[in-house]
Amino acid sequence: CVREKPDNNTWAAYEQYGYLVDAMLRCGYQINDDFLLNKAKAQIQYVLNHAGPDGFLGPKNVPEIQWPHVVFFRAMMAEYGAIGGRKIVDALIKHYKMEKDQNLLNVKTAREICNAEQLCWLYGLTGEQWLLDYAVQLVNDSGCVKHLLRDAPTRGHGPCNQERYKLPTILYLYTGEKKYLDANTKTLRRMEEEHMLVDGSTSAAEDFTGKGERACHETCNISDLAWNFGYTLLATGDVAQEDLARRHIQ
C-alpha cells in the first residue's frame, strides 16, 4: 500500500495507509499473525530503504505530508518496541534533523506539530537534547499551550484537537514542567463538561457538537481521545484515565 502511489496527490491517502500499517503491525504482534506482520513490516522496510539523500522519509510532493508522518512513524515506534535495534531510530533522527534544518514543519497547521510526540520519544531513547528542544519549540510556537490554558469553550475539529491536546502532557513527561500538565488537565475537564457523552467519548462528527440527543462522534475522535487518555494516565497515574482509555479501546 505505502509502496504504491495513492490514487490522489493529497495528504489524506498517506494518512489512511499509515493507520493501516500501524494497526496491522500492532494486531499482528498481539495475535502472532505472520500475515499481518509481514505486510506491515514490508511497508516499513520499504520506507526505510527508500529514504531520500537528505534523510527525508516518504514523498515530498504531497501537501501537509508531515502530518501523515506522525501516523506512520507510530508504526515504526511500535516496531522498535518489538524488535529494538538502531535502524529505525537513526532513520527518524536523520529525517527530523533535515526537517529542522530546512524549517519544513509548519506550526500553524492543525496537526503538523504532532510530530512533537515522535521527537520526545526519540529524545527519551537517545538523550539528544536538540530533539526535546525542537519538540518544545514546535508546541510553544504554535500557541497550543496558551490556547489550552485559556477559559474559552472547546471548539473546532474534534480529532485534530484531540491529537494536539495530548502534546502538553507528552512534554510534561519529558520536561517535568507543570504548566504543560495543567494545560491538558484543564482542557480534559472542559471537554468533559461541554462535550462528553454517556459512552465516555466526546461528541465530534468532524467538529465538536456539544451534548444533546443528536450528538455523536466519529471513529477518529474515539481513537485520538484514547491516545490522550493513555498519555494522561502515564503522566498522572490517575486510574480514571485508564478506565476511559479502556472504554474507548473496547
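Thr169 lies in helix H9, which spans residues 167-175; helices here are DSSP runs of H or I with at least four residues, numbered from the N terminus. The model is a predicted one, in which local features need pLDDT of at least 70 and side-chain atom pairs count only at pLDDT 80 or more, while totals for chains, interfaces and linings use all residues. Residues are numbered from 1 along each chain as its sequence is written, and side-chain values use heavy atoms, with hydrogens and water left out.

Thr169 is buried, with a relative accessible area of 0%. The term buried denotes under 20% relative accessible area, exposed over 50%, and partly exposed the range in between, computed with a 1.4 Å probe on protein chains only. When residues up to four places away in sequence are not counted, Thr169 touches Tyr180, Asn184, Tyr231, Thr232 and Ala235; contact means heavy atoms within 4.5 Å.

Asp151 is found in the loop between helix H7 (144-149) and helix H8 (158-165). Leaving aside neighbours within four places in sequence, Asp151 is in contact with Lys186 and Arg190. Asp151 and Arg190 are 39 residues apart along the chain, and their C-alpha atoms are separated by 8.7 Å.

The axes of helix H1 (residues 11-31) and H3 come within 7 Å and cross at roughly 15 degrees. H1 is therefore roughly parallel to H3. Axes are lines fitted to C-alpha atoms, for helices over the stretch in contact, and angles run from 0 to 180 degrees between N-to-C directions. Angles under 35 degrees count as roughly parallel, over 145 as roughly antiparallel, 65 to 115 as roughly perpendicular and the rest as oblique. The contact involves, among others, Trp11, Tyr14 and Leu25 of H1 and Trp67, Phe72 and Ile83 of H3. By class, the residues of this contact divide into 14 nonpolar, one polar and five charged. In this classification Ala, Val, Leu, Ile, Met, Phe, Trp, Tyr, Cys and Pro are nonpolar, Asp, Glu, Lys and Arg are charged, and the others, Gly among them, are polar.

Helix H3 (residues 66-83) also packs with helix H4 (residues 87-102), at an angle of about 160 degrees and with the axes 10 Å apart. H3 is thus roughly antiparallel to H4. On the H3 side the contact is made by Gln66, His69, Phe73, Met76, Glu79 and Tyr80, and on the H4 side by Ile88, Val89, Leu92, His95, Tyr96 and Glu99. Seven nonpolar, three polar and two charged residues make up the contact of H3 with H4.

The buried residues of H4 are Ile88, Val89, Ala91, Leu92, Ile93, His95, Tyr96, Met98 and Glu99. These buried residues pack against helix H2 (34-49), H3, helix H5 (116-126) and helix H6 (129-142). An α-helix has 3.6 residues a turn, so residues three or four places apart point the same way. Just after H4, Asn103 takes a positive phi of about 55 degrees.

H4 and H5 pack at an angle of about 125 degrees, with their axes 11 Å apart. H4 is accordingly oblique to H5. Val89, Leu92, Ile93 and Tyr96 in H4 meet Gln118, Leu119, Trp121, Leu122, Leu125 and Thr126 in H5. This contact of H4 with H5 has eight nonpolar, two polar and no charged residues.

Key: Helices (H or I, at least four residues) and strands (E, at least two) are DSSP runs, numbered from the N terminus.
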